[in-house]
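Hello,

Here is the structure we spoke about. My notes follow below it.

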Amino acid sequence: MLAADRGLLHWRARRGLGDAGLAEHAVQETLLRAWRSCSLFDERRGSVRTWLLAIERNVIIDIARARAARPFDTAWDEIGDTGETPFAGPDFVDGLIDGLLVTELLSRLPSAQREAVVEVILRDRAYREVAADFGVPVGTVKTRVHYALRSLRQLPRAA
């Protein structure tokens, strides 16, 4: 694994969890899960980086859910802090509502655009990999994503 890949994993974990210690734990857990399931890696489905990012996404979700289930389970160094409850971000209900909203918005797109957005934006895959999977040129995938995002921006805003 390249240092850039480890840096990317740590950056995404830090951004998702809001805590450097948890981010390091998430990276270690990601690499451990990858090591345990390395026989399942299929290079036809994507690069090692994409595979590690998918594993990390699941690790971050697991950690966030565990923190939501035990919101007052604090470390010793957090006890001295006064004031705020140690939540990293939105609670489970906010995530569920966001997920339902995304599903609703995606359902308004033509299937080709929806599939491109899901793969490139939501699954964080490279245009080149998605194009290879779809059997179309890279420019076609970029165009589908562009027009999908433009269509979503033009939808009326909820009050």
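**Notes on the model**

At 43% relative accessibility, leucine 122 counts as partly exposed. The model is a predicted one. Leucine 122 belongs to helix α6 (residues 111-122), and together with Val102 and Ile121 makes a nonpolar surface patch of about 230 Å².

Ala23, Ala26, Val27, Thr30 and Ala34 of α2 are buried. Seen down the helix axis, these buried residues fall within an arc of 100°, so they line one face of α2. Trp35 and Arg36 are exposed, on the face turned away from the buried side. The N-terminal end of α2 is capped by aspartate 19, with a side-chain oxygen 3.0 Å from the backbone nitrogen of glycine 21.

There are 9 salt bridges in the structure. One of them joins arginine 12 and aspartate 124, with 2.4 Å between the closest N and O atoms. Arginine 12 is in helix α1 (residues 3-17) and aspartate 124 in the loop between α6 and α7, so the pair ties together parts 112 residues apart in sequence. Arginine 12 counts as buried at 18% relative accessibility, whereas aspartate 124 is partly exposed at 35%.

Within α2, glutamate 29 and arginine 33 are 4 residues apart, about one turn of the helix, and their side chains form a salt bridge at 3.0 Å, N to O. Salt bridges also link Glu119, Arg123, Arg125, Glu129 and Asp133 in a network.

Regards

Technical notes. Residues numbered from 1 in each chain as written. Predicted model: local features only at pLDDT ≥ 70, side-chain atom pairs only at ≥ 80, totals over all residues. Heavy atoms only, no water. Buried < 20%, exposed > 50% of the residue type's maximum accessible area, 1.4 Å probe, protein only. Helix = DSSP H or I, 4+ residues; strand = E, 2+ residues; numbered from the N terminus. Arc of directions from axis to C-beta. Polar contact = N/O pair within 3.5 Å; in protein donor to acceptor, adjacent residues only side chain to side chain. Patch = residues over 30% accessible without salt bridge, like charges linked within 9 Å, V, L, I, M, F, W, Y side chains within 5 Å. Areas by Shrake-Rupley, 256 points an atom, 1.4 Å probe, with all protein chains shown as cover. Salt bridge = Lys/Arg side-chain N within 4 Å of Asp/Glu carboxyl O.
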